[in-house]
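Here is a short report on one protein chain. Look at the sequence and the structure first, then read on.

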Amino acid sequence: LLSPLFLLVYNGCNSTSRDGGENSLESRVKTFWETRIAGEDIKAYEFEEYSKKGSMSLEQYIRARNPALHYKTYKIKGVEESGDNAIVKLDVGYNLSLPTRGQFDMTMEITDRWVRLDGQWYRQETKKKEKKSLAQ
C-alpha cells in the first residue's frame, strides 16, 4: 500500500508539468512566442510538432517563414487543455514590411493548437484543407 505521504510527495514532484514548470503548456507557449519575437527560427522549430515528427525539415521550416512579417508582441488570452490537446488563444502584434508600401504595425487574434507528445507540448502542425473538386 502507498502511504498518503508518498502520494503527496509524488504528486508534488509531478505537478511542474501542469502548473508552471518549464514543461508546462503555458511555459512552452511563452517560450515559443518569445523565440519567434526574437527571430530565432531555429529555436522556434524545436517547439513545432514538425520537429518531433520529422514532417518538415528545419530548412523547409525556415524557407516557409515570411521575411516581411516580424512578430513584436504576444498576449495569451486563454488556454483550454483537454488531455494531450490544447487550444491557446492569443493576441499577436507584428510588423509587416512591404517594399513599395512601407511598414505597417498590426495585431491579430490567433488560435494555436498544441499537442503533448511523449510528455512534451508542441505547437501542432497546421492541417491543410482538402480542396473539393467542382465535380463533387
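## A buried alanine

A68 is buried, with a relative accessible area of 18%. A68 is found in the loop between helix 5 and strand 1. Helices (H or I, at least four residues) and strands (E, at least two) are DSSP runs, numbered from the N terminus.

What does A68 touch? Leaving aside neighbours within four places in sequence, A68 is in contact with N95, L96 and S97. Contact means heavy atoms within 4.5 Å. Another residue to look at is Q103, 35 residues away from A68 along the chain. The C-alpha atoms of A68 and Q103 are separated by 9.1 Å.

## About the model

This is a predicted model: local features need pLDDT of at least 70, side-chain atom pairs count only at pLDDT 80 or more, and totals for chains, interfaces and linings use all residues. Residues are numbered from 1 along each chain as its sequence is written, and side-chain values use heavy atoms, with hydrogens and water left out.

Four strands form an open sheet in the order 1-2-3-4, with antiparallel pairing. Two strands pair if DSSP finds at least two bridges between them. Strand 1 (69-82) and strand 4 (120-123) stand at the edges. Each has a single partner strand, so one side of each is left without a neighbour in the sheet. From one strand to the next, the twist averages 25 degrees. Axes are lines fitted to C-alpha atoms, for helices over the stretch in contact, and angles run from 0 to 180 degrees between N-to-C directions.

Now take strand 1 with strand 2 (residues 85-98). They pair in the antiparallel sense over 12 bridges. S82 stands opposite N85 in strand 2.

## Helix 2 on the sheet

Helix 2 (residues 25-37) packs on the sheet. This helix touches strand 1, strand 2, strand 3 (102-117) and strand 4. The direction of helix 2 makes about 170 degrees with that of strand 1. Which residues of helix 2 are buried? They are L25, S27, R28, V29, F32, W33, T35 and R36. These buried residues pack against helix 3 (41-45), helix 5 (58-64), and strands 1, 2, 3 and 4.

The length of helix 2 can be checked. The expected span of a helix is 1.5 Å times one less than its number of residues. Helix 2 has 13 residues, so it should span 18 Å. Its end C-alpha atoms are 18 Å apart, which agrees. Just after helix 2, G39 takes a positive phi of about 75 degrees.

## A buried glutamate

E49 lies in helix 4 (residues 49-53). Is E49 buried or exposed? E49 counts as buried because its relative accessibility is 2%. The side chain of E49 reaches the backbone nitrogen of E125 at 2.7 Å. Such a polar contact is a pair of N or O atoms within 3.5 Å; within protein, one must be able to donate a hydrogen and the other to accept it, and residues adjacent in sequence count only if both atoms are side-chain atoms. Not counting residues up to four places away in sequence, E49 touches V115, L117, Y122, R123, Q124 and E125.

## Salt bridges

How many salt bridges does a search of the whole structure find? It finds 10. A salt bridge is a side-chain nitrogen of Lys or Arg within 4 Å of a carboxyl oxygen of Asp or Glu. One joins the side chains of K52 and D118 (2.9 Å, N to O). K52 lies in helix 4 and D118 in the loop between strand 3 and strand 4, so the pair ties together parts that are 66 residues apart in sequence. K52 is partly exposed at 36% relative accessibility, whereas D118 is exposed at 71%.

E59 and R63 also meet in a salt bridge (2.8 Å, N to O). Both lie in helix 5, four residues apart, about one turn of the helix. E59 is exposed, at 54%, and R63 is exposed, at 57%. D91 forms a salt bridge with K77, and their closest N and O atoms are 3.8 Å apart. This pair links distant parts of the chain: D91 in strand 2 and K77 in strand 1, 14 residues apart. Salt bridges that share partners also join E48, D112 and R123 into one network.

Technical notes: Buried < 20%, exposed > 50% of the residue type's maximum accessible area, 1.4 Å probe, protein only.
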